[in-house]
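I set out to record what I looked up on aromatic rings, charges over rings and the ligand. My entries follow.

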Amino acid sequence: MTRVRHEGPVIVGAGLAGLSAALEAAQAGARVLVLTPEPLLSGCSSAWAQGGMAAALTAVDSAELHARDTEAAGAGLVDPGAAQALTEAGRETVEWLAALGAPFDRYGDGSFVVSLEAAHSVARVARVGGDGAGRAILSAVVAAVRAEARIEVWEDARLKGLMQDETGRVVGAVAARGERLVEVTASAVVLATGGAGGLFAATTTPAVLKGEGMALAARAGAEILDPEFVQFHPTAIDVGLDPAPLATEALRGEGARLIDGAGAFLLGEEADADLKPRDVVARAVHAARTAGRGAFLDARTAVGEGFPHEFPAVFAACMRAGLDPRVSPIPVMAACHYHMGGVAADADGRTTVPGLYAVGECAATGVHGANRLASNSLLEAAAFGGRAGR
Ligand SMILES: Cc1cc2nc3c(=O)[nH]c(=O)nc-3n(C[C@H](O)[C@H](O)[C@H](O)COP(=O)(O)OP(=O)(O)OC[C@H]3O[C@@H](n4cnc5c(N)ncnc54)[C@H](O)[C@@H]3O)c2cc1C
């Protein structure tokens, strides 16, 4: 066992939540050590996000309306104060990321291009380059982290344990670096380890995400909130790949329709029938498949020839599997996508254990209730990650 004394916080995980916390902590004067098992930009959901970041950015929108939609999607279990804190941070968070270099799509007058996603009452998802939002946003954040002398990143370190003093306070972390175990003492440990999709048979998340941060927090005595609240995405592309590629919700926002093998609509004929909350749509997809009817996303008319430039990531995933979405409906299934539950934490990341913080998907702050509103998680990762860092 090697021992390292670090004078400052250790942040575990290098997705948008962890790196936002790292940047803000460094900005506030701290020396930050980030632990992550893979090179930056890999092994995290943040780099795979397609749709974008929800924020009230237009004249027809407001933080209050965004909070109301968040609460409605969360099935009565959203903490209204947390939702308000999140949605009020929308514009400043998008602008902070844009200032770091995140190339959000903009109109000629400089305003942000926003798209409509399920259960949002207005278009409010700031997007980047069609369906490549996550990688583009995270790349800007990674560049800022690399340029910050106060941040050190170990890109081969997997959290194995939390160190506690005799009072229970978390005072450091144990990480595996290859065959070696390293004990790092720290002023605080911030868990930013993402979700737990790697534990499920069908998932859209990187396989490395196995809920280890949550498990180690539980072992340290932290309160765990709603661990059973797992969101299944209704349109994971069913072409035998693990993890399953995702057909972003924005496709349905553009008018793509869910049909069964005989061409009948899965959720009804109304134009917005397929834009119901994710749990409703996922159950309909699952029911059609278990009844032997099959489930498909038909984007032939709504997107058609525009596919390669409007949704390049989805197009590439389909073509790699030998399926041309311009001429064939895409076979879809429900797959584990997001963990609403996790380590109980407030909007500043404080858990019930002194010295231990949790941000991003591994935290449960009450903003998502039983069902996350689409594209609220990148916002939560950056906004609450940044707050914890500060
Ligand atoms: C395909 C896909 C599309 C999505 N699209 C959107 C979208 O359009 N909009 C939106 O808002 N949300 C979207 N989401 C959800 C969103 O991407 C995530 O909720 C968010 O990025 C989580 O950020 P995070 O920083 O908390 O976790 P992650 O980005 O997953 O990062 C977790 C980090 O922790 C590390 N880690 C894990 N275990 C350990 C360990 N034991 N030790 C050390 N490090 C560890 C990982 O390697 C990684 O670096 C999507 C998710 C997926 C999978």
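I took rings of Phe, Tyr and Trp (its six-membered ring) as a pair if their centres lie within 6.5 Å; planes under 30 degrees apart count as stacked, over 60 as edge-to-face and the rest as tilted. I note that this is a predicted model, in which local features need pLDDT of at least 70 and side-chain atom pairs pLDDT 80 or more, while totals for chains, interfaces and linings use all residues. Residues are numbered from 1 along each chain as its sequence is written, and side-chain values use heavy atoms, without hydrogens and water.

Entry on rings. I searched the whole structure and found 4 aromatic pairs. Phe 104 and Phe 112 form an edge-to-face pair, because their ring centres are 5.9 Å apart and their planes stand at 90 degrees. I looked up burial (buried is under 20% relative accessible area, exposed over 50%, partly exposed in between, with a 1.4 Å probe and protein chains only). Phe 104 is buried at 6%, and Phe 112 is buried at 7%. I also found one aromatic cluster, formed by Phe 307, Phe 311 and Phe 315.

Entry on charges. I counted a charge as over a ring if NZ of Lys or CZ of Arg is within 6 Å of the ring centre and within 35 degrees of the ring normal. Arg 177 lies over the face of Trp 154, 4.1 Å from the ring centre. Arg 257 has its charged end over the ring of Phe 265, at 4.2 Å from the centre.

Entry on the ligand. The ligand is surrounded by 38 residues, and Ser 46, Gly 51, Leu 159, Glu 212 and Glu 361 are the closest.

Definitions and conventions: A residue is near a molecule or strand if one of its heavy atoms lies within 4 Å of it.
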